[in-house]
Every structure is written in structure tokens, then in C-alpha cells.
Amino acid sequence: MSPSPGTSIVDRAVAASNALTARWIRTIESPSFVASGACVWPLLAALADGAAGNARDELEEAIGLPAADGLAGAAAFFDMLEWLDSAAVAIGVWLRDSIVLD
């Protein structure tokens, strides 16, 4: 679901982050998986704002907002996370010792 243009930037950013998460989840085959667009959406949105050419187009598609709204969306998203007590849960990363990160 794409965010409605008439809503606030933070509402649009949250909807776009949720949509990114939903797209990821649909591609996962493992039943033991945790994902959150809150981890990466603000970064992609900020990058989209400053990108050009194909990179801008691809980032715009990934974030679900016009690239020109990316930086404002990322800032609004972080502002919203700052006052949410539950945000630590949404952006937390849980790993087992047996998982090797390269």
C-alpha cells in the first residue's frame, strides 16, 4: 500500500517503511525471521534525496515516496522514533552466536 500524498510526511514515512517491511517479508521462506523497515528505510530515503539517475529511480521505488521527500521523510521518521518507547524493539537486532557476519 502506497502512502497517500495528502497525509503528513511522518505518516507517509511510516506507511512507506511498513510497506518496505511487507515486501521483504513476502520474499522470506524461513518461518524464523524478523525484519523491520525501520532499520533501513530512513537511510534509503536520505540516500534517495541526494541520488541521481537510475540510482534515484531505484531508491525512490524502494522507499515508496518521491525521492525529493526522502530527507524530510527520514528526519520526520527519526523524530517520531525518538519519542516512541517501543522503538528500541522495532529497530533491535537479535543474533545468535552461531551466526557469522562478514
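**Contacts and charge in a predicted model**

The model holds one salt bridge, counted where a side-chain nitrogen of Lys or Arg lies within 4 Å of a carboxyl oxygen of Asp or Glu. Arg12 and Asp69 form this bridge, at 2.6 Å from N to O. The two residues sit 57 apart in the chain: Arg12 in helix H1 (residues 9-27), Asp69 in the loop between H3 and H4. Helices here are DSSP runs (H or I, at least four residues), numbered from the N terminus. Arg12 is buried at 11% relative accessible area. Asp69 is partly exposed at 23%. Buried means under 20%, exposed over 50%, and partly exposed in between (1.4 Å probe, protein chains only).

This is a predicted model: local features need pLDDT of at least 70, side-chain atom pairs count only at pLDDT 80 or more, and totals for chains, interfaces and linings use all residues. Residues are numbered from 1 along each chain as its sequence is written, and side-chain values use heavy atoms, without hydrogens and water.

Now the aromatic rings. There is one aromatic pair. Trp41 and Phe77 lie 5.6 Å apart, centre to centre, and their planes make 45 degrees, a tilted arrangement. Rings of Phe, Tyr and Trp (its six-membered ring) pair if their centres lie within 6.5 Å; planes under 30 degrees apart are stacked, over 60 edge-to-face, the rest tilted. Trp41 belongs to helix H2 (residues 41-50) and Phe77 to helix H4 (residues 70-83), 36 residues apart. Trp41 is buried at 0%. Phe77 is buried too, at 3%.

Helix H3 (residues 53-63) carries Glu61. Glu61 is exposed, with 65% relative accessibility.
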